[in-house]
Amino acid sequence: LQDKMDNTREQIDSNRFEIGTLEGDVMQLDSLILESEAKINSVKSQISQKEFEIQDSLENLEFTDIQIDNQKEAVESYLRMLYFEKNLNSTENLKTNFFKLFLRNDSISKSLQNSSFLSILEKQASNLIGGLQSLERDQVKENHDLTLKRNQLDELEEQLEEEYRNLTAQF
């Protein structure tokens with residue numbers, strides 16, 4: 001009977017030790033869960049911030065698109081006016097028509113000066129169109145980059161949700 005009691009005490013002590021170890025493991029796992037949840041919440045917060053920044057950038061891109069369209073319309077009107085003026089003094093092959101210059105109300109000198117000025121303005125308009133096209137290409141690239149970032153954030157959020165489900169399923 002004494003041997004059974006000693007064996008039972010040893011078993012009880014062994015079980016107490018194992019319970020203490022398991023309680024420590026549970027406490028450690030609980031702290032890991034809390035730490036993981038804090039990290040997940042931090043990453044979700046960062047994702048939300050990035051989504052806001054992406055949305056803001058997309059709105060800025062839309063605004064810039066509208067500005068570019070307005071500038072294109074202005075340049076188009078400007079070019080129409082230039083070509084109209086140029087046609088007043090030119091032939092079909094865009095050479096200066098001196099007969100048309102004589103028929104103008106202005107002096108020949110003033111008309112030639114205006115013609116030279118129109119050529120300079122035409123070159124400037126061409127440069128402006130090139131700049132607008134470059135800006136448009138940059139915007140398309142930026143829009144593509146923002147879309148890629150948004151897709152990456154969505155994928156990251158899905159991975160975080162999966163990790164969180166796995167973490168909670170283990171416990």
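Author: Let us begin with surface patches, which are made of residues with over 30% relative accessible area and no salt bridge, like charges being joined within 9 Å. Asp and Glu count as negative. Please keep in mind throughout that this is a predicted model.

Reader: Which residues form a negative surface patch here?

Author: The negative patch is formed by Asp-56, Glu-59, Glu-62, Asp-65, Asp-69 and Glu-73. One of these residues, Glu-73, is found in helix 1, which covers residues 2–89.

Reader: How many helices and strands does the protein chain have?

Author: The chain has 3 helices and 0 strands, and its pattern, read along the sequence, is α-α-α. Its accessible surface comes to about 13,300 Å², with 54% of that area belonging to carbon and sulfur atoms.

Reader: Which residue forms a salt bridge with Arg-16?

Author: The partner of Arg-16 is Asp-13, and the closest N and O atoms of this pair are 4.0 Å apart. Both residues lie in helix 1, 3 residues apart, or about one turn of the helix. Arg-16 counts as exposed, since its relative accessibility is 58%, whereas Asp-13, at a relative accessible area of 45%, is partly exposed.

Reader: What distance separates the closest N and O atoms in the salt bridge of Glu-136 with Lys-72?

Author: In that salt bridge between Glu-136 and Lys-72, the closest N and O atoms are 2.6 Å apart. The pair links distant parts of the chain, with Glu-136 in helix 3 and Lys-72 in helix 1, 64 residues apart. Glu-136 is partly exposed, with a relative accessible area of 29%, and Lys-72 is partly exposed, with a value of 31%.

Reader: Turning to the interior, why does Leu-167 count as buried or exposed?

Author: The cut-off needed here is that buried means under 20% relative accessible area. Leu-167 has 18% relative accessibility and therefore counts as buried. Its place is in helix 3, residues 108–170. Leaving aside neighbours within four places in sequence, Leu-167 is in contact with Ile-33 and Ser-36. Leu-167 and Ile-33 are 134 residues apart in sequence, yet 7.4 Å apart in space from C-alpha to C-alpha.

Reader: Which residues does Gln-139 contact, once its neighbours within four places in sequence are left aside?

Author: Gln-139, which lies in helix 3, is in contact with Leu-61, Thr-64, Asp-65 and Ile-68. Gln-139 is buried, with a relative accessible area of 6%, while Asp-65 belongs to the negative patch with which we began.

Reader: How do I put such single residues into the setting of the whole chain?

Author: Buried residues make up 16% of the 171 residues in the chain. Among contacts with a separation of 6 or more, 72% are accounted for by residues 24 or more positions apart.

Notes: Residues numbered from 1 in each chain as written. Predicted model: local features only at pLDDT ≥ 70, side-chain atom pairs only at ≥ 80, totals over all residues. Heavy atoms only, no water. Patch = residues over 30% accessible without salt bridge, like charges linked within 9 Å, V, L, I, M, F, W, Y side chains within 5 Å. Areas by Shrake-Rupley, 256 points an atom, 1.4 Å probe, with all protein chains shown as cover. Salt bridge = Lys/Arg side-chain N within 4 Å of Asp/Glu carboxyl O. Charge placed at Lys NZ, Arg CZ, Asp CG, Glu CD. Helix = DSSP H or I, 4+ residues; strand = E, 2+ residues; numbered from the N terminus. Buried < 20%, exposed > 50% of the residue type's maximum accessible area, 1.4 Å probe, protein only. Contact = heavy atoms within 4.5 Å.
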